[in-house]
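Please look at the model shown here and work through the questions that follow it.

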Amino acid sequence: MSNAPLTNETVHRVSFLDKASLHIPILRILQADGTTYENAVLPVIDKALAEKIFDTCVFTRVLDERMLGAQRQGRISFYMTCTGEEASIIGSTAALDKDDVILAQYREHASLRYRGFTTEQFMNQMFSNEKDLGKGRQMPIHYGSRELNYQTISSPLATQIPQATGVAYGMKLQGKRNVAICYFGEGAASEGDFHAGLNMAAVLKSPTIFFCRNNGYAISTPTEEQFAGNGIASRGVGYGMHTIRVDGNDMLAVLAATQQARAHALEHNAPVLIEAMTYRLGAHSSSDDPSGYRSKEEEAKWQQHDPVKRFKLWMVNKGWITEADEAKLFERYREEVLAAVKVAEKLPIPKLDEIIEDVLDKPTPALRKQLKELKEHIAKYPKAYPKSAGRL
């Protein structure tokens, strides 16, 4: 017999379990009109925290609006919006300690803004100029900040999931009272890295918060074509970890769930899975056209569940903000983002020699040889590259 901690009830006839056997409720606190449900238990939140959350919401909306426009104008090559998923991302980030490590997928720039990433830093990354923290090595929106404990984004899907398990486990071994939070979509949960990462975290008791943004589509593939089970939350239970499903457009519910998930992860040195049911109001990316796989009626229905509007109404009801305050905030950030765009796009790109710096402690002979060959190639075919490509 196995020594695993299994609990078995004896039965004497065949009785199968199916996805309906596991009842998974959904946590909701905030209604569409900005009022709370009767008997709802609110998260720990005061006016200052609410204002910071809303400020991040407005900035993110403006950034998405301006930079998607900049991509359409050919000023940057690529962009992905957070629109419609702000409560999932900002609400969860607001529940963390500044020393907790964030491992994002690619739609969580709002969490980086909440931590203090400046407008100029966003622009420098997207224009890959000489002030970009990543030295121009990444495509737009692949941010990273050591100072803000936000690990650099990778394009390959789900690679951050087992990495998050290792990051949190490492902090536990060092005696730190911190967690790692890992963001991913329900599409990424179809990757093998998801299963490896969650099982490893559960077995090793790694204090990781796995945060799944279930927004209904893996690019153009709807959830019903991705899996037949009871969403992603049922998998957390299957791997033996505390799990909760939450309304991902409800800022207060997400904040409450993540606050308690963090407390549990630290108290028990154990992982938690949060499945946030949400919807991306925009396209998957600037390369996507959602009209080919979803209807305008569907989008209009989800517009009624706008997480930013819902949270704003709650703040209005409490007397913490007015419509005029919101209008001023939007206008301020529109001007700030546009001004930062004009500056960042004129800055030169990093020097070519920097391409081999920071890869290893010291550039190896092989790297130096490759750099030499690159320079020779650019010199041989100068018309194929921008004039700035050979900047020394």
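**Aromatic rings in the model**

At 4% relative accessibility, tryptophan 314 counts as buried, where buried means under 20% relative accessible area, exposed over 50% and partly exposed in between, with a 1.4 Å probe and protein chains only. This is a predicted model, in which local features need pLDDT of at least 70 and side-chain atom pairs count only at pLDDT 80 or more, while totals for chains, interfaces and linings use all residues. Residues are numbered from 1 along each chain as its sequence is written, and side-chain values use heavy atoms, with hydrogens and water left out.

Q: Is phenylalanine 311 buried or exposed?
A: Phenylalanine 311 and tryptophan 314 both lie in helix H10 (residues 307–317), three residues apart; helices (H or I, at least four residues) are DSSP runs, numbered from the N terminus. Because its relative accessibility is 0%, phenylalanine 311 counts as buried.

Q: Which kind of pair do the rings of phenylalanine 311 and tryptophan 314 form?
A: Rings of Phe, Tyr and Trp (its six-membered ring) pair if their centres lie within 6.5 Å, and planes under 30 degrees apart count as stacked, over 60 as edge-to-face and the rest as tilted. The centres of phenylalanine 311 and tryptophan 314 are 5.6 Å apart and their planes are at 25°, so the pair is stacked.

Q: How many aromatic pairs does the structure hold?
A: Phenylalanine 59 and tyrosine 333 form one that is edge-to-face, with 5.3 Å centre to centre and 80° between the planes. The number of aromatic pairs that the structure holds is 11.

Technical notes
Helix = DSSP H or I, 4+ residues; strand = E, 2+ residues; numbered from the N terminus.
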